[in-house]
Amino acid sequence: MRTLLRSCFNTGCKTLKMSRGIWVGIAFGVVLSVSLLFHYHTHVFTNTPTRCIYRGSAAGKDGIITDNGILPPAPNELTIKDITVTIKTGHKLAGRLDSILLTWCPQAEESVIYITDSGSLPLRLRSKSLVVETTCDTDHSAEGLNCKMEAEFEAYMKRRTKWWCHMDDDNYVNTDVLLRLLSKYDPESDVYIGRSSLDYPQPYTWRMQRVAAWFAHGGCGFCVSRALAIKMNPYISGGGLINISKSIHANDDCAVGFIINYLLNTELTLSTLFNSHFHYCELADLTLRDIKRQATLSYSRGSSVRITRDDLNSTRGFFSTTLDPSRFFTVHCLLHPETDYCLNAVF
């Protein structure tokens, strides 16, 4: 610091004189700010990932079990109508909707419910799916997120299909893989399946005690069986989720995990077939074969799956990263080459 001040003086700045106490105070403030920023960044939400999420297995740890990743060749009798997919969005995020409205969502339009805040007329006009406009905050605050998650759950409870799946508006869902994955499990048993963004259960303070619970990261998407959802209902509906999230100071996906994993004592089934933008290292390493086996994909600025023209052996259905920064259109053409814009357009 002295060197910095001496350099500053030599370049014409005023000489700064501070007591040792002031320097200690500044140093403490910087450390505290960085610590809070790191916690907020890695445990809440972000658009610019700074680290790779762990790849290791959490098998053997209390409160979590691991799916073996083996998919049946077909989903047996399970159909897309057996799933309610709620998608959290908002009018400030409307620019992200093209990547899902023009790719996977039309294939699941009867199952999809969009949960938004306001300004949903363009969405209503462009989609045949149900759009629920809430009074939730329009920002990305904890209050707004928890409010929308509660609205998602309540929208599902009006249908009570075999499965409820939460997705964000920056998730690409491979409905075939999702159906095959869920068909391995019994919707009349308690099943909570998704992917944790941590390799340890999240700690909370609950009724003056320190407790911990696993949660499925909402940015990856997660699914809950009907039997479990019915048990969750008293804790979530009618303001329940909002109240619990305030008590434990947690965001929406964490609060859902706390209810399921701690209050209802149901294990999280960990599946690496769910992906968020946090998994940017893995997204970049996925081969074409791997991409076809993922239940969900995501993206953020500078982070997405990598597909080249050489990978597809064709220019049809391939879009540049400038035109398709999410890579969702290119992925969709890889999975569904019969789509009109995949057949007719060359970019």
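1. A disulfide here is a pair of cysteine sulfur atoms within 2.5 Å. In general terms, a disulfide is a covalent bond between the sulfur atoms of two cysteines. The structure holds 3 disulfides.

2. This is a predicted model, in which local features need pLDDT of at least 70 and side-chain atom pairs count only at pLDDT 80 or more, while totals for chains, interfaces and linings use all residues. Residues are numbered from 1 along each chain as its sequence is written, and side-chain values use heavy atoms, with hydrogens and water left out.

3. Helices (H or I, at least four residues) and strands (E, at least two) are DSSP runs, numbered from the N terminus. C136 and C147 are both buried. Buried means under 20% relative accessible area, exposed over 50%, and partly exposed in between (1.4 Å probe, protein chains only).

4. C165 is joined to C223 by a disulfide, with an S to S distance of 2.1 Å. Here the S-S torsion is about 105°, so the disulfide is right-handed. C165 lies in strand β5 (residues 163-168) and C223 in strand β10 (residues 222-225), so the pair ties together parts that are 58 residues apart in sequence. Both cysteines, C165 and C223, are buried.

5. C333 and C342 form a disulfide with sulfur atoms 2.0 Å apart. The torsion about the S-S bond of C333 and C342 is about -85°, so this disulfide is left-handed. Both C333 and C342 are buried.

6. Two further cysteines can be checked for burial. C220 is buried, with a relative accessible area of 0%, and C254 counts as buried at 6% relative accessibility.

7. Which residues of helix α7 are buried? In this helix (residues 226-236), they are A227, L228, A229, M232 and I236. Their cover includes α5, β5, β7 (192-194), β10, α8 (240-248) and α9 (252-263). Just after α7, G238 takes a positive phi of about 65°.

8. The structure holds 13 salt bridges. A salt bridge is a side-chain nitrogen of Lys or Arg within 4 Å of a carboxyl oxygen of Asp or Glu. One of them is between E110 and K81, whose closest N and O atoms are 3.8 Å apart. E110 lies in the loop between α3 (98-101) and β3 (112-116) and K81 in the loop between β1 (64-66) and β2 (83-88), so the pair ties together parts that are 29 residues apart in sequence. E110 counts as exposed at 55% relative accessibility, and K81 is exposed with a relative accessible area of 56%.

9. The salt bridge between the side chains of K88 and D252 has an N to O distance of 2.4 Å. This pair links distant parts of the chain, with K88 in strand β2 and D252 in helix α9, 164 residues apart. K88 and D252 are buried.

10. D117 forms a salt bridge with K148, the closest N and O atoms being 2.8 Å apart. D117 is in the loop between β3 and α4 (121-126) and K148 is in helix α5, 31 residues apart, and the pair links distant parts of the chain. Both D117 and K148 are buried.

Key: Contact = heavy atoms within 4.5 Å.
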